[in-house]
Each structure stands twice: as C-alpha cells, then as structure tokens.
Amino acid sequence: MTAQLMDGRAIAKTMRGEIASSVAGFVKQYDHIPAIAVVQVEGDPASVAYVRQIEKSFVGVGMGFTLHLLPETCQAADLVELIQGLNVDSAVDGIIVQMPLPRHLPQSLVTAALLPTKDVDGIHPLNAGKLLQGAADYLAPATPSGGMELLKRYNIPLKGKRAVVVGRSNVVGRPMAVLLLHQNATVTICHSHTADLAAVTREADILVAAIGKPAIITADMVKPGAVVIDFGVNLVGEHMVGDVDTMGVSEVADFITPVPGGTGPMTNVMLMLNTLSAAERHYPHKLA
Ligand code: NAP
C-alpha cells in the first residue's frame with residue numbers, strides 16, 4: 001500500500017485564490033485593507049525567512065503587512081509599548097510576535113499586552129480558553145488550524161474516529177487535540193512521559209505528530225489505513241524532515257502529509273484567514 005500524499009502546497013495555492021477574492025470584496029465594502037503587523041525582536045536567523053514568507057503571502061492576496069523590528073537588546077517596556085500601540089492602530093487587524101524571543105523577554109509579557117481580538121495566532125489565554133470551551137469567536141493557532149483544513153479538504157471523516165495527538169505544546173499539539181474534539185473525534189494526547197507510545201499510536205485512525213524529533217513515528221507505530229498528519233520541521237543535515245518516517249509509514253497509512261509541502265504551507269494561509277476574520281469582526285457596524 002502507498003499512502004496518498006496530502007498536498008499542502010496545492011491546497012494552500014487554491015486557498016490563496018479564495019482569500020484574494022474575499023479580500024477584494026472586503027476592501028470594496030469597507031474601504032479598509034485587512035492587515036497584519038509582525039513584531040520581530042532581532043537575533044533569531046530562522047525568523048527572518050519566516051517573516052519574509054508571511055510578507056510574500058499577505059501582499060500576494062492584497063492584504064496589508066508591516067514589520068516592526070526591535071533590537072535584541074530591547075527592554076520589556078519597549079516590546080509592551082510597541083504591542084500596545086498596534087492594539088489601538090486601526091490600520092492593523094492582526095498582530096503576531098515572532099517567537100522565540102530573547103531570554104530576557106518572557107512570552108507571558110506578549111500575551112499580557114496583546115489585544116485578544118488582534119491575536120491572530122491564538123496565543124492569548126482568552127482565545128485558548130474560548131477554543132477549549134468551543135465558543136464561537138476564538139482565534140485558533142494557525143498551524144493546527146491548517147492541519148484541520150487539510151483533513152477537511154481531503155474529506156477525511158473525523159466523527160467517532162480515534163485520534164491520537166503526539167505533542168502538547170500550546171501552539172500545535174494541544175489546540176490540535178481540541179479542534180479534533182470539536183469535530184467529535186475521540187482524542188488521546190501523548191507526550192514525552194507517555195508509557196508505550198507505540199501501543200497508543202497504533203490505535204489511531206487519525207495520527208498527529210507535533211514532536212520536533214526527526215522520523216520518530218515509524219511504520220510499526222501506525223495502524224493500517226490511518227491518516228497521518230506530520231507537523232514536524234526538523235533539519236537533518238541540509239534536509240528538512242518531519243516527525244514521521246514518511247517512506248516507511250506510507251506503506252501502512254492511507255493518507256500522509258509530506259514534509260516539506262504538507263502542513264507547512266497551510267500555516268500562512270490560516271494566518272491570513274485569521275487576519276481576515278479579525279478584520280471582519282472589527283467592521284461589523286458597517287455591514288450592509
Ligand atoms: P514543543 O513545544 O517542543 O513540543 C513538543 C512536544 O512533543 C511536547 O509536548 C513533548 O512532550 C513532546 N515530545 C517530545 N519528545 C517526545 C517523545 N519522545 N515522545 C512523545 N512525545 C514527545 O514543539 P512544538 O512547538 O509543538 O513543535 C512541534 C513540531 O512542529 C516542531 O518540529 C516544530 O518545528 C513544528 N512546527 C511546525 C509548524 C508548521 O507550520 N508545520 C509550526 C510550528 C511548529 P512534553 O510536553 O512532555 O515535553
């Protein structure tokens with residue numbers, strides 16, 4: 001058996017077209033360009049490439065993008081002041097602060113300062129709490145939302161299925177588990193203390209890897225016919241690989257996301273959708 005690859009690049013391309021036409025409609029109706037502000041504290045070389053990707057994606061669909069750079073030596077007060085300024089800037093609908101931050105700037109500083117309605121990567125505790133409770137108006141983290149969108153676009157049934165999520169970070173594993181739960185899957189979350197991980201993953205109809213260790217999910221850990229979503233981004237030499245041994249697992253699973261080209265391209269698309277929906281919420285009074 002060879003699994004069908006879930007082509008995140010192709011889906012993301014289709015979605016960019018859909019978003020571009022929604023943006024054009026929004027601009028026409030409200031005379032406002034939905035826009036994201038990216039805050040970047042210098043010092044993390046990997047962030048530079050990621051921020052460039054965000055700019056390209058947003059500009060490509062007609063959305064606004066501004067970059068706000070702070071030096072690595074900036075103080076907590078500088079970061080908070082910048083975020084608070086963006087909170088009240090009516091040209092800005094969404095804000096993300098690039099992680100990781102330097103050690104002297106804890107993430108809690110960002111979440112405390114960020115306006116929840118502009119928190120387009122869903123890191124604010126209010127959005128995380130609303131997501132957990134299944135409220136209607138939360139902004140969910142972009143990466144797991146992208147994984148869910150892939151499942152939806154490949155018509156993968158979730159209701160009543162056994163889902164196993166390996167990883168419980170606040171930005172990937174944990175929200176992915178909650179999103180699967182909202183679709184009526186029966187969800188188990190695994191982590192570094194899970195006993196006999198393979199026995200648990202082998203029960204999964206939907207297996208999600210959000211671990212950050214190369215090819216740790218092997219064919220013997222996967223139920224025949226499973227759908228495997230790989231969020232892992234690991235550099236091995238010069239190659240990017242996922243958390244799943246794609247070649248081996250493809251012989252067992254029915255569907256699998258490749259790395260690169262699976263979940264990765266979906267993240268920016270969901271960031272754009274979150275920004276558009278934040279903008280829509282900022283302009284309800286103008287509804288025709
Ligand atoms: P993280 O914060 O380091 O969390 C990793 C999780 O994996 C933790 O919950 C950890 O358990 C668990 N874990 C580690 N080793 C394990 C093991 N041997 N067995 C079972 N569980 C284990 O990482 P993250 O931010 O969630 O990111 C996960 C991966 O996704 C990374 O490769 C990252 O680069 C990638 N990522 C991809 C995208 C995308 O767009 N595709 C976006 C963001 C991140 P404990 O909680 O017990 O420590």
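Leaving aside neighbours within four places in sequence, which residues is Leu-5 in contact with? The answer is Tyr-154, Ile-256 and Pro-258. Contact here means heavy atoms within 4.5 Å.

Before going on, a word on the model. It is predicted, so to speak of a local feature we need pLDDT of at least 70, side-chain atom pairs count only at pLDDT 80 or more, and totals for chains, interfaces and linings use all residues. Residues are numbered from 1 along each chain as its sequence is written, and side-chain values use heavy atoms, with hydrogens and water left out.

Back to Leu-5. It sits in strand 1, residues 4-5. Helices (H or I, at least four residues) and strands (E, at least two) are DSSP runs, numbered from the N terminus. Leu-5 is partly exposed, at 45% relative accessible area. The cut-offs: buried is under 20%, exposed is over 50%, partly exposed is in between, with a 1.4 Å probe and protein chains only.

Now helix 6. It runs over residues 142-153, which is 12 residues. From first C-alpha to last it reaches 16 Å, close to the 16 Å expected at 1.5 Å a residue. That expected span is 1.5 Å times one less than the number of residues.

Is helix 6 mostly covered or mostly open? Mostly covered: 9 of its 12 residues are buried. Among them are Pro-144, Met-148 and Leu-151. What covers the buried residues includes helix 1, helix 7, strand 7, strand 8 and helix 10.

Let's take helix 10 as the partner. Two packed helices are described by the angle between their axes and the distance between the axes. Helix 6 and helix 10 pack at about 105 degrees, axes 8 Å apart. Axes are lines fitted to C-alpha atoms, for helices over the stretch in contact, and angles run from 0 to 180 degrees between N-to-C directions. The two helices are therefore roughly perpendicular. On that scale, under 35 degrees is roughly parallel, over 145 roughly antiparallel, 65 to 115 roughly perpendicular, and the rest oblique.

Who meets whom? On the helix 6 side, Ala-142, Thr-143, Ser-145, Gly-146, Glu-149 and Leu-150. On the helix 10 side, Met-266, Thr-267, Met-270 and Leu-271.

Last, some backbone details. Just after helix 6, Asn-155 takes a positive phi of about 55 degrees. Asp-31 also has a positive phi, about 55 degrees, although it is not a glycine. Asp-31 is exposed, at 71%. And the peptide bond from Val-259 to Pro-260 is cis, omega near 0 degrees. Pro-260 lies in the loop between strand 11 and helix 10.
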